[in-house]
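Take a look at the sequence and the model, then read on.

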Amino acid sequence: MSKATFNPTRFNNSNNTPFNEVMDKHLSRRNFVKRGLGLSAMTAFGGFGLSACGSDNNDSSTPATPTTPTTPTAPTQSSAVLGFESIPGSLTDAVAVPAGYSAYVLAPWGTPLNSKAAAWKDDGSNTADDQANSVGMHHDGMHFFPLNDAGDDGLLCINHEYIDEDALHPTGPTYDTDGKRSVIDEVRKEINAHGVSVVRIKLVSGMWQVVENDSYNRRFTGASVMDIAGPLAYSSYLETRYSPDGSQARGTLNNCGNGYTPWGTYLTCEENWPEYFVNKGEKTESQSRIGIPSTDTRYGWNHLAGNDDERLDEFARFDMTPTGSSAANDYRNESNGHGYIVEIDPYNPNSRAVKRTALGRFRHEGCVFGKLEEGKPLTFYSGHDSRFEYLYKFVSDAVWDAADANSSNRLSMGDKYMNAGTLYVAKFSEDGVGEWLPLTLDGMTTDGGTLADSFNSLEEIILNTAGAADLVGATPMDRPEWAAVDPFTGSVYLTLTNNSRRTESTNPANPRLNNNFGHIIRWDEGEAATDFSWDIFVFGSPDDGDAETNLSGLTDLNQFASPDGLAFDTRGILWVQTDNGASEVGEETNDQMLAIVPSTMLDADGNQQVVSADNQTQLKRFFVGPNGCEVTGFAITPDYTTVFANIQHPGNWPYSDKADEETPAGITVRPRAATVMIRKDDGGAVGV
């Protein structure tokens, strides 16, 4: 790392070969080459659903149990055919859906989850206690967990990425004469608006409704106590004034992407968490590499630290500047408890969340497991959402036992499969093959040494995961975000959202300099844990882009920019959500959700194809969000009759419970992030 040239516009200052150079060399080779690495024909998910047995019983002492998965004899190609017409782009204060569909608002920010919370107030005057017991702000990743076999009763787990202070408070945040935060309830309200909501919903007369004051409803906030598991648990690196033994951390922050597990738990990912902390003194190497600020925190929460023990403990923790004689006397290690995959058991309201440190510490964006095979390890994939950052996978030491999907102690399954294993980072080669580089003490570095030359323990490697990845020669990517696994082929797809700062390559043949539009990459695992093959599946672009921009031949009915959210349903439909970073596309449509069925895209020899002008008629625009928003988060019911999507930071929406009703001209509403439920008017399966 010391050999890198410092660039203040990026945290990754390694000299590793950037992905744009690899991609440029690879573009002429557009077929998805397997390279003899042996793609299994088994389905990725084994045909299981997380349908839970049980009834309407609210008793938290008898949590529901997911249904045991079945061993499939599934085909290697989906039979799904998209049955809707691609919709035009939209630039309105309303959502847009295809003909024959309707969309409704569900669980918007501030919806009370229990009787402790007052109803949402349009003037923003709800208190911190109200917010602690209500749905959080700025919805993001989510997943639906059924509570019965019919799938008409379940739990929606929703991430809340960040806050809008002007919307959260009646007149915006309050500052004293020194420009520092001065109102305790305001800051507590902001902390409580972060995290995760677990919301019970039921289908009543064709409409999903929040079940008020239900025992399953709960919040995890930026202050909730959480357990630490894996290599960093009980280590000196997590020692703080609050947790001297390093066993616990408080809160989960900037929860963006998500995932779930085969045993029925929810995974929430801590993404841009470093800015919530500050170290005004000399920063450690890991703090510098991950981007801990030197001057102030993102929202100034640390300003409220007073002399009394409660305030010192509650707010001072965001300032990591060493002040005490040891880590047990201050919060120099506070941020070390953040940057992880956090596991939540939605079926057990009495359980605590667990931070799984073995899966690495960085700006996690999504966490998806690979194909399930009896007797083989589990694999989880996660991107590091920053420019020039990396793609990671974690391979468990434990091998998969299908009976574990029916465990009554789901967090113990997390202990089994997520506390011990090997963390890898991806290196892409120009000939369509790649290598997973182990982040272990004996992992080879680019200078011929091992990581043991720079780190004293696995704990140190995990604490500075990105720094270790620099040393082994991982490939810097264009903001790797959500991953998804095709349930029929096992291929893994990853969104690379954009990278307008990618200017270091001067190769004129490179079609994606200043990558404003992003692309989706996919790969297949090889026989060895370190091997994979890859190709670019589709490039984002405006429909009128030139030959060096619109490489996938997109049209006005499917042009997109900045692919972000990504999810397969079990029918093999891939749902792609966008966070537009390019004005050329943004002038035509708001952020959107598209659908495509990759496993059906085969050439005459049965090989998977990439999207091109000749085969992209089944890449269709399904949904468009309101002005100012990001479309993010995907969930679907087991019978496919409802798709849920989240609307984050809308500009002037929602006007009513009908999500596709436009806010009338001249009317201004207090914007509320919300989940949108999308259903066919005839009650049939969505998308086909």
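Start with the contacts. Among those between residues at least 6 apart in sequence, 67% join residues at least 24 apart. Keep in mind that this is a predicted model.

**The whole chain**

The chain holds ten helices and 32 strands. It has 688 residues, and buried ones make up 62% of them.

Strand S32 spans residues 674–680. It is mostly covered: seven of its seven residues are buried. In a regular strand the side chains alternate between the two faces of the sheet. In S32, Ala674, Val676, Ile678 and Lys680 point one way. Thr675, Met677 and Arg679 point the other way. Both sets are buried.

Which strands pair with S32, and in what sense? The table gives both.

| Strand | Residues | Sense of pairing with S32 | Bridges |
|---|---|---|---|
| S3 | residues 101–106 | antiparallel | six bridges |
| S31 | residues 643–648 | antiparallel | five bridges |

Leu106 has Thr675 of S32 as its bridge partner. Phe644 stands opposite Met677 in S32.

**Nonpolar cores**

In soluble globular proteins, nonpolar side chains tend to be buried together. The largest nonpolar core here has 57 residues. Within it, Phe380, Tyr392, Val425 and Leu439 touch the most other members. Helix H9, residues 465–472, gives this core its largest share, five residues.

**A look at Cys256**

Cys256 sits in strand S11, which covers residues 255–260. Is Cys256 buried or exposed? Its relative accessible area is 3%, so Cys256 counts as buried, because the cut-off for buried is under 20%.

What does Cys256 touch, leaving out residues up to four places away in sequence? Its contacts are Asp140, Gly141, Asn159, Glu161, Cys269, Glu271, Glu365 and Trp482. Thr632 is 376 residues from Cys256 along the chain, yet their C-alpha atoms are separated by 9.0 Å.

Conventions: Residues are numbered from 1 along each chain as its sequence is written. This is a predicted model: local features need pLDDT of at least 70, side-chain atom pairs count only at pLDDT 80 or more; totals for chains, interfaces and linings use all residues. Side-chain values use heavy atoms; hydrogens and water are left out. Helices (H or I, at least four residues) and strands (E, at least two) are DSSP runs, numbered from the N terminus. Buried means under 20% relative accessible area, exposed over 50%, partly exposed in between (1.4 Å probe, protein chains only). Contact means heavy atoms within 4.5 Å. Two strands pair if DSSP finds at least two bridges between them. A nonpolar core is a set of buried Ala, Val, Leu, Ile, Met, Phe, Trp, Tyr and Cys residues joined through side-chain atoms within 4.5 Å.
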